[in-house]
Amino acid sequence: MKAIYDQPLPDGWSEEPLGKAVVTRRGYTWEKADEVDRAEADTVPVIRIPNVQDTLDLTELIHLRNVSPEALEKAAVTKDWLLFVGSNGTQDRIGDSVLIEEDRPMVFASFLIGIKPKDQGRLRSDFFAHWMHMHLVHEIFSKTSQQTTGLANFNWGAVKKQPVRFPTCVDEQRRIAAALKLADENIRVAKNEVAAIKEVTASLKAKVLFDVDAVNGHQAFKYASLPRGWTLHKFRNLVKYRQLGTNEVADHGASHTPILKMADLSFGDLSLDDVEYVDEYKAATLSDFLLACGDFLFNTRNTPELVGKSAVWNIERDRCLFNNNILRLRFDEALVIPEFMNIEFASWRGRRRLRALATGTTSVAAIYWQDLARVSHWCLRVAGLGCTLQLNRWLSCANQEAILSSIG
């Protein structure tokens, strides 16, 4: 297992084995009959594993009857202590920890372990909490845990020898801890904004792309009425150019030019994390299959559940090819832009339509151009260019406030 540190001890820092730097204590064990969902006059809230997240999460608490004063003192949730997961069915949760920043009239469960620096004048709890969150520290806690039947338990013998490094100056510890806490708060805010953007985007799609029902897979999808400024077109009349990808396959060990496969596409997006490559010679012979910005990519063959995936190529790489399970389409952008069509194809309604068009076996299905293009199989409502460009701008906003101001 990789060592926590790969650099010499900095000037002005100290190093001490974890076992000598901290004290620990065990949590409280209770009977199932003592649990209640709501607070009562003589009950005590208990911190359990689900409450240990990036911060202390108190949204779901249970309350315990019959907690003695002695037990409340021994397993109290006390300021400057950390609570970490000591036993869990998931090994990766072992070592997850949270700092208690104020005294709380609670106890913590026996699957959690309390840990605290012995001397706050030498090692501050807020600094130590960030040490506990280091990736390599957490990995040592989790990977050295002892696995029993369905349960992993942290191994104090393995972790107590790990070196804790800290500035000798306690005030420097305070400044470092404050800076890292601010960074963590900014990360949480960013994550919340991303989640809000996704929610607003989903609502916007549902608002703009109205619901429709199919009579069956071989009849047109009809709309009760078209909003003002919208028109109805056959799909083939929206497409100015189409091309199926190359039959060539990736070369083992090559790194010159990526080639997209069906697995690289999802419903509305693509990922190049696991993309494969062709060598320089082969790439030179396949220039007709190089992608251009704005190409709409449609997966024509896959399993019945995955056929019909789509994405828009926006120059994620300087050069990229695509194989013959992908159809490249270029639209008449006076009628529709590829980003708008990508939203339609990725919507639950669009996916239902595509599944109705797919033919094949239980394991392999295909959607053929002649079926996709026929009016009786595909009737799309598309807006004028101004509306679709506006929609695309909304969905491309960089933050929640921009989206909200756009649709407000």
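Two strands are counted as paired if DSSP finds at least two bridges between them. Helices (H or I, at least four residues) and strands (E, at least two) are DSSP runs, numbered from the N terminus.

The model is predicted: local features need pLDDT of at least 70, side-chain atom pairs count only at pLDDT 80 or more, and totals for chains, interfaces and linings use all residues. Residues are numbered from 1 along each chain as its sequence is written, and side-chain values use heavy atoms, with hydrogens and water left out.

View 1. Strand E17 covers residues 257-260 and pairs with E22 in the parallel sense, over two bridges.

**View 2. The open sheet E18-E17-E22.** Three strands make up this sheet, with mixed pairing. E18 (276-278) and E22 (321-322) are the edge strands; each has a single partner strand, so one side of each lacks a neighbour in the sheet.

**View 3. Asn66, a non-glycine residue with a positive phi.** Its phi is about 65°. Asn66 lies in the loop between strand E5 (62-64) and helix H2 (69-74). Asn66 is exposed, at a relative accessible area of 61%. Exposed means over 50%, buried under 20% and partly exposed in between (1.4 Å probe, protein chains only).

**View 4. Asp80, a non-glycine residue with a positive phi.** Here phi is about 75°. The loop that holds Asp80 runs between strand E6 (76-77) and strand E7 (82-85). Asp80 is partly exposed, with a relative accessible area of 26%.
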